[in-house]
Amino acid sequence: MQPSPVRDLIVGLFVALGLAAIAYLSIQVGGVGYAGRGGLKLVAEFDQIGGLKPRAPVSVAGVTVGQVRKIELDDQLRARVTLEVDKSLALPTDSSAAIHTEGLLGDQYVALEPGGADDLLKDGDEIEFTESALSVERLIGKFVHNSGIEPDAEKTGKTAKAGKSPADEQAEEE
Amino acid sequence: MNALADGEARVRLEDVYLSVRERAIFHGLSCRFPRGKISVILGGSGAGKSTLLRMIGGLARPQRGVVAVAGVEVSRLPERELYEVRHRIGMLFQHGALLDSMSVFDNVALPLREHTDLTAKDIASEVERRLAAVGLAGTGAMFPRELSGGMLRRAALARAIVADPEIVLCDEPFSGLDPINVRRIEKLFTTLNRQLGLTLLITSHHIPSSLRMADQIVFLIDGTAISGSPKDLRHHADERVAGFFAAELDADAAGDDA
Amino acid sequence: MNAIQDLGLRTVNLVVHLGRLTAFVVQIAQNAVRPPWRVQRFVDEIYDVGVLSLAIVCLSGATVGAVLGLQGYVTLSRFGAETSLGAVVGLSLVRELGPVLTALLVTGRAGSAMAAEIASMVVTEQLDGLRMMSVDPVDFVVKPKALAMLTAMPMLNALFIVFALFGGYLVGVTLLGVDGGSYISSMENAIDFENDVAGTLLKSVIFGALVGMIATYRGYTSAPTSAGVSAATTGTVVTGSVSILLFDYVITALWGVS
């Protein structure tokens, strides 16, 4: 074949572009690079994680500081969630973790609430105070019980569910 | 022509049977092509001239019989081993069969690049020498589609001989060419034969040129071959052979006059 | 009775072709792992497959992304979940539309051209010409083409997806007023490397291998006639497209939808 430097250059550009696109999809969109950064790994156990998924954001005061790395079931059938956050983050040992929802129908994330202790959490430590994901259904059940309406008929429960959703939201925010 | 000693024959076919889709092309074909001679294979269309060359090159395989090229029986050889034998063969296809995605230079250089350790400089000078030998000096940068029929044929010939084969198979080198180009290519063949001692096998139905340059003529008819010197065949006892020459010569004379 | 015979014959033919295709692929694979590497030919094929398909792939990608953005927005806004637009567009592209549409486009654009080129080399005896020069056409012609298809497909797929994400962004964010930050973050949170991006790359590599081998096989085994060339071209597009869709289902089922 006739050696054609221009053509070779174009092919080189194409390959560079293609590899850049693959890298963008893998690292930025797929989040593969995060694993290698070696952030601070923390573990938290929850009774109920709802719809939390790996790669969900972890935030402190609304600022994203890391990601959920791994979710597994432990011996006592509780959800064991591994978080990876910024190395420089100074979290007291009595900090707490809670699973919140972005808006009403949005994705779930882990919110960390710093405590007041002097010691800081180290890599691999467990966050002891956790607050499970809110289950809307369970909330409604509680609400129905507490307000004195006995669950004599399932129908009433359903009506309450449909009618009181703003209250649920309020409860969630508290 | 006398019976040839076995060692003299560079290509030998013995009792070859070949049929394609139940149509018999060869049944009991036997012929020999002597070393360092020009043999012209004649025959009507469909007589199997091209198939004969393809068989010698290992591109077609007979159902039965022996095809020996330079002492090697090729008709049963696996493809890989055929490549060894083909180093001794150059083939000029009817339409040149040059790779149309490559320039003439790259086409001619291909056998050298594939099979020798020559430097780029040596290859370039060798290719130029061959192109000059076929009268195509300076056309290396052109592409096959930019060449005329005669130039194409000559470029293909340059490619066929660039790796110094002993045997050159030429499939219909004169078809579709004007008389001037026929003469020119004919002259190339005789020069190659005399200077390099190449064994040439040429299929043709161009009788005048065949008579001029052939040392031996192999006439294919009814799946077998009748061989002999041009003079022998022209006045052959078999009417079909003598008739073929007469008819073609008449037609050619009429054509040349016109 | 005739219909049944016909069906039987077709089935046998299919199995025969599968067997030959397997042998052909083994031949390519053997040639791929030993020198000569034919880097220049490979680069030239990447140009034909990749660079020349770039425009159509990027344009189609942007258009598909824009449509997805529009459709997704209309549906999601009924539930007040426009912020998840990025996730909807991204997931459907990365998991299915990207690899499948890219492969179909490349089959039509480059696969058919590849088959036609090889088939016309069969007609003009260029492949036989190579064989006579002791050059294996599978190594010289087929290998660089098949490998180029295999290499270019994941890149084209990734470019298709990136352009489609951009197209979706353009419509969703710029035109329809979805928050740009939530488009990106919902996309990045929903798409995951192990389940989605690795899957799309695997799919496109498999599709690349599939198209490369079907196109070269159809071309290589085509009949040496004009009809053979057109049959090889059409056959590549039909067989290629159907096998892409079939394999897409199989891979998705095996990979597991999570």
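Guide: Two residues are in contact if their C-beta atoms, placed from the backbone, lie within 7 Å. This is a predicted model, in which local features need pLDDT of at least 70 and side-chain atom pairs count only at pLDDT 80 or more, while totals for chains, interfaces and linings use all residues. Residues are numbered from 1 along each chain as its sequence is written, and chains are lettered from A, with ligands numbered from 1, in the order in which they are written.

Visitor: How many residues of chain A are in contact with chain C, and how many of chain C take part?

Guide: By that cut-off, the contact joins 27 residues of chain A to 29 residues of chain C.

Visitor: Which element gives the largest share of the side of chain A that touches chain C?

Guide: Elements here are DSSP runs numbered from the N terminus, with helices (H or I) of at least four residues and strands (E) of at least two. Chain A has 4 helices and 8 strands, and along the sequence they follow the pattern α-β-β-β-β-β-β-β-β-α-α-α. The largest share of this side, 16 residues, comes from residues 5-29 of chain A, which form helix 1.

Visitor: How far apart are the centres of domain 1 and domain 2 of chain A?

Guide: An automatic or database domain assignment supplies the bounds, and it divides chain A into domain 1 (1-33) and domain 2 (40-138). Taken over C-alpha atoms, the centres of these two domains of chain A are separated by 38 Å.

Visitor: Which helix of chain B gives the most to the side that touches chain C?

Guide: The contact between these chains takes 15 residues from chain B and 10 residues from chain C. Helix 2 (79-86), strand 6 (89-92) and helix 3 (104-115) of chain B each supply at least two residues of this side. With 4 residues, the element of chain B that gives the most is helix 3.
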